[in-house]
There are 2 protein chains.
Amino acid sequence: MLLDNIGLLISNDPVHGEGRLGLRRDAALACADGRVVWIGDAGKAPEGTAGDRVDAAGRCVLPGFVDSHTHLVFAGDRAQEFAARLAGAAYAAGGIRSTVAATRAASDAALRANARRLAVEALRQGTTTLEVKSGYGLTVDDERRSLVAAEQIAHPGLPHLVTTFLGAHVVPTESADDPDGYVRLVTGPMLDACAPHAAWCDVFCEDGAFDAAQSRAVLEAGRARGLGLRVHANQLGPGPGARLAAEVGASAADHLTHLSDADIAVLAEAGVVATLLPGVEFSTRAPWAPARRLLDAGVTVALATDCNPGTSYTSSMPMVVAWACREYGLTPDEAVWAATAGGAAALALEGHGTLRPGAPADLVVLDAPTHIHLAYRPAVPLAGLVVRGGRVVYSMPGDREKEQQA
Amino acid sequence: MLLDNIGLLISNDPVHGEGRLGLRRDAALACADGRVVWIGDAGKAPEGTAGDRVDAAGRCVLPGFVDSHTHLVFAGDRAQEFAARLAGAAYAAGGIRSTVAATRAASDAALRANARRLAVEALRQGTTTLEVKSGYGLTVDDERRSLVAAEQIAHPGLPHLVTTFLGAHVVPTESADDPDGYVRLVTGPMLDACAPHAAWCDVFCEDGAFDAAQSRAVLEAGRARGLGLRVHANQLGPGPGARLAAEVGASAADHLTHLSDADIAVLAEAGVVATLLPGVEFSTRAPWAPARRLLDAGVTVALATDCNPGTSYTSSMPMVVAWACREYGLTPDEAVWAATAGGAAALALEGHGTLRPGAPADLVVLDAPTHIHLAYRPAVPLAGLVVRGGRVVYSMPGDREKEQQA
């Protein structure tokens, strides 16, 4: 496929354009076998790439969003809890347990259908890579089947899926009197059953969930099974999560709403990616994470949705970019990088989140002339075309290109 | 058409259900000749309405959004100004002038195409009634052709359009030395040319735009031509706009970011609808309007997008609802009422914004079980089906109903 007549191409590769975003005007991009094979000037594609030409009509093209933190495998709905929180009730980690009950009661088919629905929804907003966690099963079998559900919905027409084991999301009700016993279950039989279906091991290190020692045990057990490590850290208050992430060499620490300067220094020193989740802060009326302090300290920042039914039931990476600009004080360049290449860094996915020869041909044609419009036009559906593996997998109804083809 | 199997119907009519929203579970709604003709229980439709049956699949149905404040007739783009503001530059009313230059240079066809594009975008997010202002022409001919452009795009497949004359948006550059001369132009030849193409007369009463005396002159001249009155008031700071709106008996005062208790009491006393525009406050980092104080004082509140290229380039009424809940402290019930019936009150459109026999059959089938989801799922495209005048004018790609029909 040749994507021609690109008004503004964001390659995220300084070799291919200006600045960190590798901005290039009046560009074209060719792909073959699911990968980018050539980037150059509009109208100047090499012979042999013109067969399947898509006209970007002067619009902005960027790498598909890499949403590196979601919880798509669940059942049920917590709209009433959300409405109660709007009316003043506080969020507590224990709210997770109501989704656990619904998830355990749901069939495998129901879990797959719900996760697929949300993955489609994300795709239509430009997400081409999606991390999906377990964590609402909290038994050996329910955690395993949650991850298997995520594996089974994989499809070339959906975002690329990456699975994370989060058996240590919260201590389930039946283990409330024996949290250490639950940690032994997680680090033993549960991980044995789940590790074959996951790339990553995560833990919710927070008051009300798991303390530093318990979290360390979970992460070490995950590492022993060959999983990469990530941590839910410092969401509800100050705590040891961020420092633990650095200590164990986690790829990413996520949330980070409450960070001291010392925490930030430790993350920077260890090279841990800070994954910020403004949808949570919006939906729970929490303070906004100290994104500028993290950037100024040299920490790599990723942006993700945390799509889940309790604290951030949005799949909209464009809105995450808009919040990051408005509430975190990021520039549109910083926010777009964090929502694409930043997510790929958090997931250690080489090439994803960039558009350069060899990278996956996963991209979005925005129905707008620049990436600034993601913040400038909040909540407006702007994904005109979404391409995954070199194939158009979504086009906005009435998209200009679609009309040309019709 | 019979819309059956509605999980939750929001009628905005207490006669047809519970509370101010007139909530009714397991409902059905029949329409004929573009109007609602019957509301009752699911599966119990009277004979003769079943011919053209649409299955709402248990989802939530609400009146289409009434977006009572937009500026869709313009040319150009102010993304760079927006990015500069993110980086710390202040918003000033004079920014309007850059859009004026682009609008004057644009052809009628270009103005129509841009307005139509945005009206389609709004429709796809559930807006079925759309107020559209002039105000980027600021000459007799450019104001007139702006309103004519809005008239000419009217189409049964777009939202119902209501036009507002806003020649007194800002003093154009060429009249900077003679603002009173410009007011004489507006109140004389410009209104003569524009009034036949408008239902409303509006004025931007603010430092940097028009003072109270100038604004009063514009409104009185509009009233003399038979136009209804509305006022841009108290956006950038305290000022006389809200009190002027009450004094002249305007239908609505819009923005109202900066209000004293005395202003609020005057609005309540006069029965002026307060149209709040959270997209502006989001996009300009302004304080949030005192929505709760207005509601607590008994003022009728409407919510609108203010879709315009300078201060709020969003067409998303669902996001406006989400902001109103998060930032204004409205309940989802209050916000949804304000975004539907509230907008209709601001535009004095009897029946619009409600679903009861005799009302226009303008509605949205949300791809969600409740209206709470508009706030609970921020920025997610949730308009499953949009019905205008009893006809499906938009269906989300892959919508369940659409799949059934295919």
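A few ground rules before we start. This is a predicted model, in which local features need pLDDT of at least 70 and side-chain atom pairs count only at pLDDT 80 or more, while totals for chains, interfaces and linings use all residues. Residues are numbered from 1 along each chain as its sequence is written, chains are lettered from A and ligands numbered from 1 in the order in which they are written, and side-chain values use heavy atoms, with hydrogens and water left out.

Let's begin with the interface. Here 47 residues of chain A are in contact with 47 residues of chain B, contact meaning heavy atoms within 4.5 Å. Together the two chains bury about 3,700 Å², 59% of it on carbon and sulfur atoms; buried area is the accessible area (1.4 Å probe) that two parts lose on being put together, summed over both.

The interface has 2 salt bridges, that is, a side-chain nitrogen of Lys or Arg within 4 Å of a carboxyl oxygen of Asp or Glu. One pairs Arg377(A) with Glu121(B), with the closest N and O atoms 2.7 Å apart. As for the elements, α1 (79-86), α3 (108-123), α9 (278-284), α11 (317-327) and α13 (373-376) of chain A each give two or more residues to the side that touches chain B. Of these, α11(A) gives the most, with 6 residues. Helices here are DSSP runs (H or I, at least four residues), as are strands (E, at least two), numbered from the N terminus.

On to the sheet in chain A. Its 8 strands form an open, parallel sheet in the order β6-β7-β8-β9-β10-β11-β12-β13, where pairing takes at least two DSSP bridges between two strands. Why is one side of β6(A) and of β13(A) left without a neighbour? Because these two stand at the edges, each has a single partner strand.

Zooming in, 3 bridges join β8 (160-168) to β9 (200-205) of chain A, and Ala168(A) stands opposite Val203(A) in β9(A). Helix α6 (212-224) of chain A packs on the sheet, touching β8, β9 and β10 of chain A, and its direction makes about 175° with that of β9(A). Those angles run from 0 to 180 degrees between N-to-C directions, with axes fitted to C-alpha atoms, for helices over the stretch in contact.

Thanks, everyone!
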